[in-house]
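Welcome! Open the sequence and the 3D view, and work through the exercises below with a pencil in hand. Try each task before you read its solution.

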Amino acid sequence: MSHPADTPSIPLAPEVLRNATLPDGRRADIHLADGRVTALVDQPDKADRADRADRADRPDTGRGSAGGPGGIDLGGALVLPALVDGHAHLDKTLLGAPWQPHLTSATLREHIANERALRASAGVPVADRATALAHRMVSLGTGHVRSHVDIDPDVRLDGLHALAEVREKFRDRLGIQIVAFPQSGVVTAPGVADLLDAALSEGADLIGGLDPAGFDADVDGQLDIVFGLAERHGAGIDIHLHDGGVTGTRQLRDIAQRTAALGLDGTVTVSHAYALGDVDATELDRTATALATAGVAIMTNGPRHSMPPVLRLRDHGVRVFAGSDNIRDTWWPYGTADMLERATVIGLQGDLMSDAELRHAASMITDEAAAALGLTDYGLAPGCRADLVVIAAGGVAEAVAAHPRRLLVLHDGQVVGPAPETDYPNFPAISVTGGDASALQGER
């Protein structure tokens, strides 16, 4: 990490983050060692400080002090555990390639065919595009991501091998889980079942699925394969489900039933689950009860229509977490890789307005997502991994609503960001001097 000449350098493995605002609003010093959080030492409040000044002869216990060259004063900035992107497609992004105009398609199958053709003609390898996106994720405070990768008769395992290389390249900066995703279907695509089996043997962490009814037109056939491979390999499951209405909720209950029967509580996710946002209350409650009982999680990216009702599902005991989904690819031209922005989108779509509701939106990109991904030692407490992000905000609700800057990113106790120069690799930094440059800096 580089620093301007007039800016003091910071320790790359800080021992203390001084004067931090914790998620619960407390001010504290965060002590770090060997890639872990070792202690949270509360800062004295104003009354305490005044009392200490009046009783200067009393020995100081050291509460709140964290001097020394290994410390960084955060000035009250918010510290959260690293952000978690629960659903991305690193192999699909077009970041790192020239801008591609968005193409519309009449059907899902047509779109998949168009996507394959455009990605083949982009002229930038999968690993390079995925690397550009991973850099941006790190710079914005994401410490862990679950990425789906296409497995089909055309690309076979090429994308998986490319993402495995990126995972290794970023292992000291970003934890990457890989889902073997049958983008062209399972039952209707000859050989895909064998490819998924091979993918789980060659580096994929989870097995995916795609609209068992709407795409494969064979719910039992697809789920037999997906759950069978998961059981054989001891892998988790993450199924894309776009099917709406009772067709979708019926599949959700099928997935919940299989999850419970195999004892897979906590290892199965359904991504999108649009149906939960377009059925009546009775059907919703029935399905939510089944999901909660089986321990099936739901991922949402805050779609423009039919978003699962986040708070109602939470009240039923269903874990709902967030992912960015597509980022600057053929599916849509949008996406910044900023998970705080994603929490904002979900908050707007779900009408989350109070501070408590904004804090719940934040949990969907931190604690809830980490639990859904099975991350261990995650959090901001003694003993947890020092995967942290420092945010220019005074509290969690503000962080969700205000799109604040990331001031510092740590992974395993090491400073890894932010690195804004990686956001725009094709353009040089612009230095403005003389003339009316002060106007650009708000000095007029």
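Of the contacts in the chain with a separation of 6 or more, 74% are between residues 24 or more positions apart; a contact means heavy atoms within 4.5 Å. This is a predicted model, in which local features need pLDDT of at least 70 and side-chain atom pairs count only at pLDDT 80 or more, while totals for chains, interfaces and linings use all residues. Residues are numbered from 1 along each chain as its sequence is written, and side-chain values use heavy atoms, with hydrogens and water left out.

**Exercise 1.** Find the mean pLDDT of the chain, and the stretches where pLDDT is below 50.

*Solution.* Start with the term: pLDDT is the predictor's confidence in each residue, from 0 to 100.
- Step 1: the chain has a mean pLDDT of 87, and 83% of its residues reach 70 or more.
- Step 2: residues 1–7 have pLDDT below 50, and this stretch has five contacts in the model beyond near neighbours in sequence.
- Step 3: residues 49–67 also stay under 50, with 20 contacts beyond four places in sequence.

**Exercise 2.** Which residue of β11 is the bridge partner of H240? Look at the other pairings of β11 as well.

*Solution.* 
- Step 1: β10 and β11 pair in the parallel sense over five bridges, and the partner of H240 is S271.
- Step 2: strand β11 (residues 268–272) also pairs with strand β12 (residues 296–300), in the parallel sense over four bridges. Here T269 stands opposite A297.
- Step 3: five of the five residues of β11 are buried, so this strand is largely enclosed by the rest of the structure. Buried means under 20% relative accessible area, exposed over 50%, and partly exposed in between (1.4 Å probe, protein chains only).

## Single residues

**Exercise 3.** Is L32 buried or exposed? List what L32 touches.

*Solution.* 
- Step 1: L32 lies in strand β2 (residues 27–33).
- Step 2: L32 counts as buried because its relative accessibility is 8%.
- Step 3: leaving out residues up to four places away in sequence, L32 touches P14, E15, L17, V37, T38, A386, L388 and L410.
- Step 4: L32 and P14 are 18 residues apart in sequence, yet 7.0 Å apart in space, C-alpha to C-alpha.

**Exercise 4.** Examine the backbone at D34, D412 and P418.

*Solution.* 
- Step 1: D34 is not a glycine, but has a positive phi of about 55°. D34 is in the loop between β2 and β3 (36–42) and counts as exposed, at 78% relative accessibility.
- Step 2: D412 has a positive phi near 55°. D412 lies in the loop between β15 (406–411) and β16 and counts as partly exposed, at 36%.
- Step 3: a cis peptide bond joins G417 and P418, with omega about 5°. P418 is in the loop between β16 (414–417) and α14 (437–440).

Methods. Two strands pair if DSSP finds at least two bridges between them. Helices (H or I, at least four residues) and strands (E, at least two) are DSSP runs, numbered from the N terminus.
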